[in-house]
Amino acid sequence: MLLSIIIILGIAFILYAILGGADYGAGIVEIFAGKKGEHTITKAIAPVWEANHVWLILAIVILFAGFPLIFSTISTVLHIPLMIVLLGIVLRGSSFTFRHYDVGQNGSRKYYTLFFRISSFITPVFLGVTLGAMILGEIDLSASGTFYEQYLRPWLNIFCFTMGLFCAALFAYIAAVFMIGEVPSVGERKRYIQLARLFLFATTILGILVFVAAEWHGHPLFREFFASTFSVIALGMVLLLVPVLLRLFRQPNILYLRAVAGLQVLLILLGWYAIQFPILVYEKHGNHLTFYNTQAPAATQLQMLIALFVGLLLIVPAFYYLFKVFKGAQEEQ
Amino acid sequence: MDDLLAARLQMAVSLGFHIVFACIGMTMPVLMAFSEWKWLRTQKQEYLDLAKAWSKGVAIFFAVGAVSGTVLSFELGLLFPGFMQHAGPIIGMPFSWEGTAFFVEAIALGVFLYGWNRLNRWVHWASGIVVGISGVLSGIFVVSANAWMNSPAGFDYQNGAYTNIDPVAAMFNDAWFSQALHMTLAAFVATSFAVAGVHAFLLIKNRNNTFHRTAVKIALSFGAVSALLQPISGDISAKDIAQRQPAKLAAAEALYKTSQPADLVIGGIPNDKEERVQHAIHIPRLLSFLAHGDFNAEVTGLDKFPKEERPPVFITHIAFQVMVGLGVLMALAGLLFLVFSAWWKKILSKKWWLTCIAWLTPAGFIAVEAGWTVTEVGRQPWIIYGFMKTSDAVSPMPGLQFSFYIISAVYILLTVILIWLMWRQIATVTNFYPSARTD
């Protein structure tokens, strides 16, 4: 039962990273895509972005009902980065919708765009910062220290921000690959292929830097990584897919391209899960919070599993239908 | 500002902001689907135009509602981690169902908004129905979680630990039905009257406009029925809290001393120091009847509770008066609407009637905010009634007031932009919809 819940949580997080990630990334890619890009990107994500973000709500609900101590710990210690994530989510969603539906075409549009782009970048960075802080182990649960020690040091450091930038680059990469399939003209397609290459490069560099930064902070991420055979295989496959991708960029096949990029994200996350499992929050003195030592009582788990199961039976076909209806060119609003 | 107050205010601002969008998300799909159904049946242009025009507004409100709802799901932990740590496993079930319902709502809304020309008409209409049903359900689930805070159930409490958790019993606690019913009706009253009010305002200038006239008719029909049902639901709620949360009822009624029989106190200014209400209207024995169905029943006053366990009387009482007063006003307007529709149709296009309806535009939402204040402030000092105090649940992080300032600033900014956007949307309605033009 516990394992089923962990698996669903893992899946929700992967789907959020891919689908929600593509939405965030779209806002970053837009900065480089010119005036025309703004239009195509808006058209591509408008019908789906809200549904994509519900995966986050699902993950949070599983966390606070299923693993309450983890939720209450990170929301206390990582209050500040999480608050920034939330502000980013609000400003991003609002400014995107305002821009899409505002009937006027004058000055206000400039500000919506500005807010949309800034928050599309800031939000994934602080999502990454939050995840980084859960990995790094600077969280001190026995602390009665200063404000800095308790609420800033766990996340205000180079490792966490490298993680943040890695997230942003990864999301932008997903979005660029996604957009290749959303534009019919060869010229526009070329632009997104260029961007996909650029962000693939940035993601790779930042991925390496994540490991370097972890070592620099004294967290033996390298050793943990090599200790997990699964992670090594996963990362190996991610790297092997790079030449495949580069070839696909030359002769784009939309389906393969999306599948390969999606598979990369999946493998990166699975590799990370394998390093972490079953720990969710590393604690400074070794009192790590795991799925096992924070799990809710069996009755809660059972009810949650029923709700999730019924929910997924409804959601998955509905989601499929939504994407099917809007595959290809979108209707003009 | 101390941290507890800051956390409570931030929650109040966030919920007060979100609740408006939640109400719109519960009601508007039903109005849109109704209008589309009329169009499918009659082929009259104004029904199609209305469904489309409303759906544009809903798209904006739904997006802001979705993101502000995400904020809330985190804020429960960010502001009250002590609460979530213990309550999470107990009330996780309604939240899981709410997540599911909201998911379905978001997907169905995507289909509805963007599928006008690509789907079979009835399939499109059905997607609107799905949005409506899942919207109402997600509202009910969230309210059920809140009802649990008022009426904790489904666990044993021993030495500070919550054991023997039964999530089903927690979800179907004693308060869930009365609260869910009251909130759902409130959503319909508030949204319908707001929509009717805006269209009535535009109709005053332009009395022959089919588009606005149809809009007022549809919205007021829904508003009238729900506003007339609301007092019945209110009575169920009052009798329920008289049993379960006498301190809340006493604060709402500003009943300082236990009385038999008890007067109904209308209006007035509660004075905590002298423990009496100044400038109020007293109706003898009515509170006994309303609370217990018996004109001679005893009604528990605040004197039965130690000072530190009494909710703030001033805010609860005033908010309660505002809610009931506006509720009565809208029920009255609803009744008149039904009477006029049946016998004096001409009055419905008279200027004075439209002016009255236009003035009622914000009434429902003010009542919703007031009612929410009664239920939340009236539960203080408890966050889990009788088990956990709000002060024991609040985040230990110092400086919570800065979160509060920032969130408030952002929400005020968004409110201003939204009002402005809606105004622009309304001002250009004649450019897009044939039936909104008048010859």
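Here are some questions and answers about a predicted model with chains A and B.

Q: What share of the area buried between chain A and chain B is on carbon and sulfur atoms?
A: Together, chain A and chain B bury about 6000 Å² between them. Of the buried area, the part on carbon and sulfur atoms is 77%.

Q: How many salt bridges does the rule find across the interface of chain A and chain B?
A: Polar contacts can be counted here too: there are 7 residue pairs in polar contact between chain A and chain B, both at pLDDT 80 or more. A salt bridge needs a side-chain nitrogen of Lys or Arg within 4 Å of a carboxyl oxygen of Asp or Glu. Across this interface, the number of salt bridges found is 0.

Q: Which residues are linked with E38(A) in a network of salt bridges?
A: Two partners can be looked at one by one. E38(A) pairs with R109(A), with the closest N and O atoms 3.4 Å apart, and E38(A) also pairs with R117(A), where that distance is 3.6 Å. The network that holds E38(A) also includes E30(A), R99(A), R109(A) and R117(A).

Q: Is E38(A) buried or exposed?
A: The cut-off for buried is under 20% relative accessible area. R109(A), at 22%, is partly exposed. E38(A) has a relative accessible area of 7%, so it counts as buried.

Q: How many residues apart in sequence are the parts tied together by E38(A) and R117(A)?
A: First find where each residue sits: E38(A) is in helix 2 of chain A, while R117(A) is in helix 6 of chain A.

Q: Which residue meets K284(A) in a salt bridge?
A: K284(A) is in the loop between strand 1 (279–281) and strand 2 (289–290) of chain A, and its partner is in the loop between helix 6 and helix 7 of chain A, so the pair ties together parts 146 residues apart in sequence. The N to O distance is 3.5 Å, and the partner is E138(A).

Q: Which helix gives the most to the nonpolar patch of chain B?
A: This surface patch is formed by M1(B), L5(B), L9(B), F402(B), Y405(B) and I406(B), with about 570 Å² of accessible area together. M1(B) sits in the segment before helix 1 of chain B. Helix 1 (3–42) and helix 14 (400–427) of chain B each supply at least two residues. With 3 residues, the one that gives the most is helix 14.

Q: Which residue's backbone oxygen lies 3.5 Å from a polar atom of the side chain of T390(B)?
A: T390(B) belongs to helix 13 (residues 390–393) of chain B, and it is buried at 3% relative accessibility. Leaving out residues up to four places away in sequence, T390(B) touches several residues, including L4(B), F80(B) and W382(B). The backbone oxygen in question belongs to W382(B).

Q: How far apart in space are A176(A) and I193(A), C-alpha to C-alpha?
A: A176(A) lies in helix 8 (residues 158–180) of chain A and is buried, at 0% relative accessibility. In sequence, A176(A) and I193(A) are 17 residues apart, while in space their C-alpha to C-alpha distance is 7.2 Å.

Q: What is the omega of the peptide bond from F277(A) to P278(A)?
A: Most peptide bonds are trans. P278(A) lies in the loop between helix 12 (254–276) and strand 1 of chain A. The bond from F277(A) to P278(A) is cis, with omega near -5°.

Q: Is N164(B) buried or exposed?
A: N164(B) is in the loop between strand 2 (161–163) and helix 5 (167–171) of chain B, and it has a positive phi of about 50° although it is not a glycine. The cut-off for exposed is over 50% relative accessible area. At 59%, N164(B) counts as exposed.

Technical notes:
Residues numbered from 1 in each chain as written. Chains lettered and ligands numbered in written order. Predicted model: local features only at pLDDT ≥ 70, side-chain atom pairs only at ≥ 80, totals over all residues. Heavy atoms only, no water. Patch = residues over 30% accessible without salt bridge, like charges linked within 9 Å, V, L, I, M, F, W, Y side chains within 5 Å. Areas by Shrake-Rupley, 256 points an atom, 1.4 Å probe, with all protein chains shown as cover. Helix = DSSP H or I, 4+ residues; strand = E, 2+ residues; numbered from the N terminus. Buried area = accessible area lost by both parts, 1.4 Å probe. Polar contact = N/O pair within 3.5 Å; in protein donor to acceptor, adjacent residues only side chain to side chain. Buried < 20%, exposed > 50% of the residue type's maximum accessible area, 1.4 Å probe, protein only. Contact = heavy atoms within 4.5 Å.
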